[in-house]
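Student: Hi, could you look through a structure with me? I'd like to ask things as they come up.

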Amino acid sequence: MNLFRHIEADYRRIARDGLPDQWRIDAATLDDAVEAIRDHRQNQERSDDLTRRLATIARTDQRAAVVVLYALAPLLGARLGRAVTAEYRTDALTELAMVILDSPLDGPRLAHRFVNRAHTR
């Protein structure tokens, strides 16, 4: 099983339902939120704000965790490189989920810090 594909399928299902009103994030759609999180180098403040808000929501609504995982998966994949096994990639994505759910949410460069923590755990 490819966990990256599974996360993408889950994300697509959530995005199809639309942005939940109770999340109150600064994005028109979930795709906009994902794009902003991934744009962490160009607009760090917006990426940090969205990542922080969704990670907070993820602690009570697993759909938000899926959105953050989906947004950060390409960054994690690039960090891992091609030489790792499928099992290692799955473990790293699982670590990223745990980092999202239990890491401090203060400070800058949140997306980058989440990926680094998941990679080094």
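Predicted model: local features only at pLDDT ≥ 70, side-chain atom pairs only at ≥ 80, totals over all residues.

Student: Okay, which residues touch the most other members of the largest nonpolar core?

Tutor: Those are L54, L96 and F114, in a core that has 40 residues. The helices α1, α2, α3, α4, α5 and α6 each supply at least two residues of this core, and the largest share, 12 residues, comes from α4.

Student: Why would nonpolar residues gather like that?

Tutor: In soluble globular proteins, nonpolar side chains tend to be buried together.

Student: And what does L96 touch?

Tutor: Leaving aside residues up to four places away in sequence, L96 touches L69, L72, L76, F114, V115 and A118.

Student: Switching to helix pairs, at what angle do α4 and α6 pack?

Tutor: Their angle is about 50 degrees, and the axes of α4 and α6 lie 10 Å apart. The two helices are therefore oblique to each other, and their crossing is right-handed.

Student: Which residues meet there, between α4 and α6?

Tutor: From α4 come L72, L75, L76, R79 and L80, and they meet A111, H112, F114, V115, N116 and H119 of α6.

Student: Which residues of α6 are buried?

Tutor: The buried residues of α6 are L110, A111, R113, F114, V115 and A118, and what covers them includes α2, α3, α4 and α5.

Student: How about α3 and α4, how far apart are their axes?

Tutor: The axes of α3 and α4 are 7 Å apart, and these helices pack at an angle of about 140 degrees. Here the crossing is left-handed.

Student: And which residues of α3 and α4 meet?

Tutor: On the α3 side there are T51, L54, A55, I57 and A58, which meet Q62, A64, A65, V67 and V68 on the α4 side. The residues of that contact divide into 8 nonpolar, 2 polar and no charged.

Student: New topic: where is P20?

Tutor: P20 is found in the loop between α1, which spans 3–17, and α2, which spans 30–38.

Student: Is P20 buried or exposed, and why?

Tutor: P20 counts as buried because its relative accessibility is 11%, and buried means under 20%.

Student: How many residues apart in sequence are P20 and R63?

Tutor: They are 43 residues apart in sequence, while in space P20 and R63 are 9.8 Å apart, C-alpha to C-alpha.

Terms used: Residues numbered from 1 in each chain as written. Heavy atoms only, no water. Helix = DSSP H or I, 4+ residues; strand = E, 2+ residues; numbered from the N terminus. Buried < 20%, exposed > 50% of the residue type's maximum accessible area, 1.4 Å probe, protein only. Core = buried A, V, L, I, M, F, W, Y, C linked by side-chain atoms within 4.5 Å. Contact = heavy atoms within 4.5 Å. Axes fitted to C-alpha atoms, helices over the stretch in contact; angles between N-to-C directions. Parallel < 35°, antiparallel > 145°, perpendicular 65-115°, else oblique. Left-handed = near helix turned anticlockwise from the far one by under 90°. Nonpolar A, V, L, I, M, F, W, Y, C, P; charged D, E, K, R; others polar.
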